[in-house]
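Hi,

Here is the structure I said I would pass on.

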Amino acid sequence: MPPALAPGPAIVFDRRHLLGIEGLSAAEIDGLIDLADSYVALNRQAEKKSSALRGRTIINLFFETSTRTRTSFELAGKRLGADVINMAVATSSIKKGETLIDTAMTLNAMRPDVLVVRHPESGAVSLLAQKVDCSVVNAGDGSHEHPTQALLDALTIRRRRGRLAGLVVAICGDVRHSRVARSNIHLLTTMGAHVRVIAPPTLLPAAIERMGVEAFTDMRRGLEACDVVMMLRLQVERMQGNFVPSTREYFRFWGLDYDKLAAARPDAIIMHPGPMNRGVEIDSEVADDIDRSVIREQVEMGVAVRMACLDALTRAARANRPADKGR
Ligand code: NCD
């Protein structure tokens with residue numbers, strides 16, 4: 001028997017990057033959510049620091065504005081003892097591709113351990129991941145994926161309901177432009193939840209049923225007997241052309257108010273990834289209803305989930321590339 005070495009932290013997620021939820025197994029998703037759950041208690045203590053990532057460098061590279069996601073990743077890295085640098089990059093509409101790869105190569109030369117990247121173009125984060133040596137986390141790419149948002153939503157639901165399998169989850173609003181919707185659909189269907197999407201026909205992607213969801217255009221019908229009501233922001237910045245008549249009309253038909261909510265289960269929880277347009281996709285009172293809304297809890301879970309993702313990726317990197325093969 002070889003002499004026992006000090007056991008390293010267990011591998012919960014044996015991948016180099018977290019670029020999306022699509023393609024992850026239920027075991028991988030569970031592993032990340034379990035690890036995140038264990039960080040919730042640490043975040044509620046007065047002393048919130050662990051040394052799991054001491055000596056590591058994380059760069060937040062945001063080509064698109066963000067408040068909660070960027071802050072959440074920054075706090076997550078710092079609570080794990082890493083050095084965190086924030087870079088906001090203004091995108092010029094021309095030469096976007098060049099800017100992206102140039103920036104990635106420059107940062108790569110500084111030997112970070114993790115790059116957390118948000119970009120307005122779908123696929124840009126995966127492209128960047130192919131060019132660098134470190135781990136890459138997708139913090140949102142266009143209308144494609146936002147994996148840590150889906151993981152934090154799943155953790156929030158699981159803590160409230162004790163499970164994901166078998167629940168009926170309605171994702172409502174601007175599904176067409178939403179990376180949050182896409183990542184949540186992949187995650188929830190993989191975990192055995194029943195997913196419905198509810199939107200005006202103009203905001204439903206073509207052939208959405210192929211993602212394993214049921215589509216509705218009527219809020220009351222779609223919300224019937226739901227366990228979870230997940231609202232989405234109208235992403236006007238991604239809309240080219242007129243997708244909705246007016247925000248008032250939109251609220252009347254697709255905004256969540258108590259009247260429409262009455263169709264859901266009486267104990268259904270209300271979620272929103274933020275930022276909210278109060279009075280457009282959600283009534284202000286409903287959003288602040290302490291008995292039904294878990295929107296603030298989602299923000300809290302966001303830090304724990306990002307700690308889990310950063311921790312899991314660096315554990316895998318340590319185990320798989322122990323000799324740092326001259327990178
Ligand atoms: C979401 C995003 O950026 O995709 N927000 C977030 O991450 N907090 C949703 C949105 O912008 O509507």
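Asp174 sits in the loop that runs between strand E5 (168–172) and helix H6 (179–190); helices (H or I, at least four residues) and strands (E, at least two) are DSSP runs, numbered from the N terminus. Keep in mind that this is a predicted model, where local features need pLDDT of at least 70 and side-chain atom pairs count only at pLDDT 80 or more, while totals for chains, interfaces and linings use all residues. Residues are numbered from 1 along each chain as its sequence is written, and side-chain values use heavy atoms, with hydrogens and water left out.

Asp174 is buried but has no salt bridge, and Arg176, the nearest side chain of opposite charge, is 6.7 Å away. A salt bridge is a side-chain nitrogen of Lys or Arg within 4 Å of a carboxyl oxygen of Asp or Glu. For charge, Lys and Arg count as positive and Asp and Glu as negative, with His and the chain ends not counted.

What does the side chain of Asp174 join in a polar contact? That is His177, at 2.8 Å (a polar contact is a pair of N or O atoms within 3.5 Å; within protein, one must be able to donate a hydrogen and the other to accept it, and residues adjacent in sequence count only if both atoms are side-chain atoms). Leaving aside neighbours within four places in sequence, Asp174 is in contact (heavy atoms within 4.5 Å) with residues including Leu203, Arg233, Met239 and Tyr250.

Tyr250 leads on to the aromatics. Rings of Phe, Tyr and Trp (its six-membered ring) pair if their centres lie within 6.5 Å; planes under 30 degrees apart count as stacked, over 60 as edge-to-face and the rest as tilted. That rule gives 2 aromatic pairs. Tyr250 and Trp254 make a tilted one, 6.0 Å centre to centre with 35° between the planes. They are 4 residues apart in helix H8 (residues 247–254), so about one helical turn separates them. Phe253 and Trp254 are also tilted, because their planes are at 50°, with the ring centres 5.7 Å apart. Tyr250, Phe253 and Trp254 form one aromatic cluster. Trp254 is buried at 14% relative accessible area, whereas Phe253 is partly exposed at 40%.

Helix H8 also holds Glu249 and Arg252, 3 residues apart, about one turn of the helix. These two form a salt bridge with the closest N and O atoms 3.4 Å apart. Arg252 is exposed at 56%, and Glu249 is partly exposed at 31%.

How many salt bridges are there? The count is 19. One of them pairs Asp34 with Arg158, the closest N and O atoms being 2.9 Å apart. Asp34 lies in helix H1 (residues 26–43) and Arg158 in helix H5 (residues 147–161), so this pair ties together parts 124 residues apart in sequence. Asp34 is partly exposed at 43%, while Arg158 is buried at 17%. Both belong to a network of salt bridges that links Asp30, Asp34, Asp37, Arg158 and Arg159.

Another bridge joins Asp267 to Arg161, at 3.9 Å between the closest N and O atoms.

Cheers

Key
Buried < 20%, exposed > 50% of the residue type's maximum accessible area, 1.4 Å probe, protein only.
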